[in-house]
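Subject: Structure handover

Hello,

Here is the structure I promised you. Please open it alongside this email and follow the notes below.

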Amino acid sequence: MEPSAKPAPQPDLSATQQCVMCGMCVPHCPTYALSRNEADGPRGRISLMLGIHQGRLEADEKVIEHLDGCLSCRACERICPSKVPYGALIDAGRAHILATSPERGAGMRRLRDALLLRPARLRLVGLAARLIQALRLDRLPMPGRLKRLALLAPPLAPALRAGDHYPATGIRRGAVGLFLGCMGPVFEAENLRAAIRVLNAWGYDVHVPPAQGCCGAMHQHGGAPDKGTSMARQAMQAFAGRTLDAVVGVSSGCMAQLTEHGGAAAFELTDFLIRHLPDPMPALNPLPRKVAVHLPCTQRNVLRTGDTAVDLLKLIPELDVIELPGNDRCCGAAGTHMLTHPEQADALRAPKIEAFQALGADQLASTNIGCAMHLGAGLRADDRKAEVIHPVRLLAEALRIP
Ligand code: SF4
Ligand code: SF4
């Protein structure tokens with residue numbers, strides 16, 4: 001007789017028992033605020049996962065809908081006095097859904113796997129999307145998800161090559177590795193170049209090792225947490241064997257994933273720069289304009305580094321730096337959520353766009369690529385010319401390079 005295959009380990013939902021159902025997290029939940037349905041809030045979702053854990057509840061269509069609607073923004077986890085690890089729980093909950101309904105979300109996973117780690121394809125998709133935007137073809141009838149994808153692409157710059165080394169300018173203080181992210185070389189090339197320029201001016205050599213791969217966040221939060229964790233560890237391996245003070249990256253979502261699951265020290269760029277201000281500071285040109293700063297959930301609730309981008313931008317003379325009102329709420333991007341739950345994503349984005357317009361700011365800055373793309377699509381849909389940029393772009397612009 002053939003030995004039976006070892007069953008896959010069950011996703012661990014036991015931490016649901018840590019929740020005392022006090023409800024303190026509920027008013028902080030953006031999806032509960034929209035629907036006012038207990039099952040769309042953290043306490044309700046934990047109750048559903050507890051029911052599954054205890055074998056009292058099947059993950060039927062209704063249950064899946066409530067769990068799937070979660071943004072993984074972790075505002076609830078941040079506020080929880082009982083330290084319920086909500087982020088890990090909802091990741092495990094999604095793994096349970098995938099194990100019991102493998103066809104659910106298969107299209108989105110196929111799209112993810114077809115584009116991630118394939119920069120040439122990603123660039124083609126980006127160019128096609130920009131063409132659709134330029135010719136306003138999105139006004140023509142086309143499938144809803146395709147239209148959303150087309151509106152997401154930011155302006156593209158020539159891709160950044162991995163494998164290069166950029167020496168510090170001025171007095172050398174150390175060396176860092178720069179994590180690119182799977183979408184970075186295509187959609188964040190300008191941000192990455194600006195990061196190199198500023199890190200060099202801060203006195204750091206910048207190493208950009210090849211074969212970095214993807215941080216694994218989309219897998220981590222998309223029903224395959226084990227795969228996500230192994231991708232994060234593999235990404236950090238690309239920096240092994242080099243003498244580096246830190247691994248830094250421009251996207252807070254990637255750096256949150258690498259910090260939690262990569263197994264080695266990783267820093268979001270603005271956090272690193274504010275912790276390592278040079279003395280004396282390089283001269284910065286005045287930038288007489290107004291910038292609103294959006295704070296991503298990964299920075300606020302996961303990395304918990306706070307307003308480092310605001311603190312950094314306040315170093316630039318004559319730059320009027322304002323925190324975007326409503327920064328305590330998710331913008332609705334939430335990884336692939338902006339594609340899978342378009343109505344909820346748009347409802348959460350709308351107050352951000354209104355707040356930006358009310359401020360009369362010239363630019364909107366965000367440290368996370370997903371948020372920047374989602375907010376940028378919101379601005380473009382409103383026919384505004386403003387683009388969402390990474391804060392480091394302003395710093396690079398203000399630097400006087402001798
Ligand atoms: S997750 Fe925490 S804050 Fe929310 S109901 Fe449970 S114990 Fe209370
Ligand atoms: S992670 Fe965010 S959306 Fe999900 S339950 Fe917690 S607060 Fe609500």
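**The two ligands**

A residue counts as near a molecule if one of its heavy atoms lies within 4 Å of it. This is a predicted model, where local features need pLDDT of at least 70, side-chain atom pairs count only at pLDDT 80 or more, and totals for chains, interfaces and linings use all residues. Residues are numbered from 1 along each chain as its sequence is written, chains are lettered from A and ligands numbered from 1 in the order in which they are written, and side-chain values use heavy atoms, with hydrogens and water left out.

Ligand 1 sits in the largest cavity. A cavity is a set of points, on a 1 Å grid over the protein atoms alone, where a 1.4 Å probe fits but cannot get out. To sit in one, a molecule needs more than half of its atoms within 2 Å of its grid points.

Ligand 2 sits in the second largest cavity. Helix 1 (30-35) and helix 2 (42-53) each give two or more residues to its shell. Helices are DSSP runs (H or I, at least four residues), and strands are too (E, at least two), numbered from the N terminus. The shell around ligand 2 holds eight nonpolar, two polar and two charged residues. Among them are Cys 29, Arg 45, Arg 74 and Tyr 86.

**The core**

The largest nonpolar core has 41 residues. Such a core is a set of buried Ala, Val, Leu, Ile, Met, Phe, Trp, Tyr and Cys residues joined through side-chain atoms within 4.5 Å. Buried means under 20% relative accessible area, exposed over 50%, partly exposed in between (1.4 Å probe, protein chains only). Val 248, Leu 273 and Ile 316 have the most contacts inside this core. Helix 10 (residues 189-201) gives the most to it, with seven residues. Domain 3 (165-275) and domain 4 (289-398) both contribute, so the core lies between them. Those bounds come from an automatic or database domain assignment.

Gly 326 is in the loop between strand 7 (319-323) and helix 17 (337-340). Gly 326 is partly exposed, at 38% relative accessibility.

Best wishes

Technical notes: On a 1 Å grid over the protein atoms alone, a cavity is a set of points where a 1.4 Å probe fits but cannot get out, and a pocket is an open set with protein on both sides within 12 Å along at least five of seven lines; lining residues have an atom within 4 Å of a point. Ala, Val, Leu, Ile, Met, Phe, Trp, Tyr, Cys and Pro count as nonpolar, Asp, Glu, Lys and Arg as charged, and the others, Gly among them, as polar.
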